[in-house]
Amino acid sequence: MSSSPQIAYIRRPLSALKQVARHVMVAVASWLHRLGVFFLVSARRLVRLTERHTIDTTSDRFVMELPELHRKIRRELAMQRRDYDSYSYFHGYPYQALAILDVFGERGTEERFDAYGLADLVRPEDRLLDIGCNCGFMALYAAFRTGCRADGIDINPYMIRIGQHCTEFLQLQDRVKLVAQPFQDYRPAQVYTVVLSFATHWTDDRNYRVRLQDHLLRIHGMMANGGLLVFESHSADVGNAEFYAALEEMRAHFSWEGRRLMAKGTRELYLMRRLAA
Ligand SMILES: C[S@@+](CC[C@H](N)C(=O)[O-])C[C@H]1O[C@@H](n2cnc3c(N)ncnc32)[C@H](O)[C@@H]1O
């Protein structure tokens with residue numbers, strides 16, 4: 001049912017107001033988070049003071065070196081605000097949060113990793129690719145948790161640099177490679193046994209708009225036979241007939257291992273096994 005012009009006239013400023021309110025709330029949340037890290041480090045400093053005889057500078061680097069890591073992250077975000085001429089997700093903060101390093105962001109990496117069952121799906125011998133990986137935290141965390149090798153690719157160089165700072169912090173540079181590049185141009189030298197495509201088969205920033213079939217076929221071309229594709233939809237895909245029809249077309253190339261509803265039923269997660277070409 002379409003609304004009257006008067007109602008539309010009222011709704012527009014209301015939704016603009018809501019957007020401003022959301023922006024302010026996220027900024028406040030980020031400041032609270034920063035304050036939390038300050039208290040965390042202060043608490044650790046107190047412990048160091050009392051245990052001076054046993055603690056050296058490397059024994060609690062996960063807390064004591066956080067301020068330097070977070071300074072680097074803030075620098076990247078400031079550069080993104082100043083120089084990036086594309087749409088920035090989550091009001092200019094990372095789309096992904098990483099609790100193990102206290103990185104503020106919209107969607108929790110550790111929680112998603114567990115909710116998607118990745119601990120049971122990814123093995124130490126896997127070679128994993130994360131497409132449109134944002135900060136690459138899912139690839140990084142997969143390597144951290146399972147010991148696998150992981151590559152991540154995203155068009156946004158600021159998010160990729162944030163991921164690289166975190167990779168160095170966790171000393172995982174040997175196993176995790178994050179690259180700033182459009183997925184359309186990506187030509188990997190090897191095939192992958194696990195591919196993650198999370199909320200990225202079309203993008204809000206409009207930097208990636210291809211047919212879903214073409215997206216999945218491209219992925220198919222980068223995978224080893226029997227490899228696993230873990231595919232997360234957008235909310236807007238749920239209930240969309242065109243989306244399901246495109247997925248059905250792919251049954252010649254992938255076998256379905258499962259479909260789950262995620263994020264209170266607003267997203268769908270598919271496990272798809274690559275069939276031989
Ligand atoms: C909605 S976010 C999803 C991020 C991540 N996959 C996740 O679920 O946490 C979409 C991501 O796709 C990236 N992106 C947009 N166009 C791209 C392209 N052509 N190639 C690679 N990445 C792209 C954006 O920079 C953004 O980080």
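Where does the ligand sit? In this predicted model, the ligand sits in the largest pocket, where a pocket is an open set of points on a 1 Å grid over the protein atoms alone, with protein on both sides within 12 Å along at least five of seven lines, and sitting there requires more than half of the molecule's atoms to lie within 2 Å of the grid points.

Residues are numbered from 1 along each chain as its sequence is written. Local features need pLDDT of at least 70 and side-chain atom pairs count only at pLDDT 80 or more, while totals for chains, interfaces and linings use all residues, and side-chain values use heavy atoms, with hydrogens and water left out.

The ligand is surrounded by 20 residues, the closest being Gln96, Arg112, Gly132, Asp154 and Phe198, with a heavy atom within 4 Å as the criterion.

| Side chain (N or O atom) | Ligand atom | Distance |
|---|---|---|
| Asn134 | oxygen | 3.0 Å |
| Gln184 | nitrogen | 2.9 Å |
| Thr200 | oxygen | 3.2 Å |

Taken alone, the ligand exposes 600 Å², of which the protein buries 98%, with areas from the Shrake-Rupley method and a 1.4 Å probe.

An automatic or database assignment divides the protein into domain 1 (5–97) and domain 2 (108–274), and each of them supplies at least three residues to the shell around the ligand. Between these domains, 21 residues of domain 1 contact 28 residues of domain 2, contact meaning heavy atoms within 4.5 Å.

Notes:
A polar contact is a pair of N or O atoms within 3.5 Å; within protein, one must be able to donate a hydrogen and the other to accept it, and residues adjacent in sequence count only if both atoms are side-chain atoms. On a 1 Å grid over the protein atoms alone, a cavity is a set of points where a 1.4 Å probe fits but cannot get out, and a pocket is an open set with protein on both sides within 12 Å along at least five of seven lines; lining residues have an atom within 4 Å of a point.
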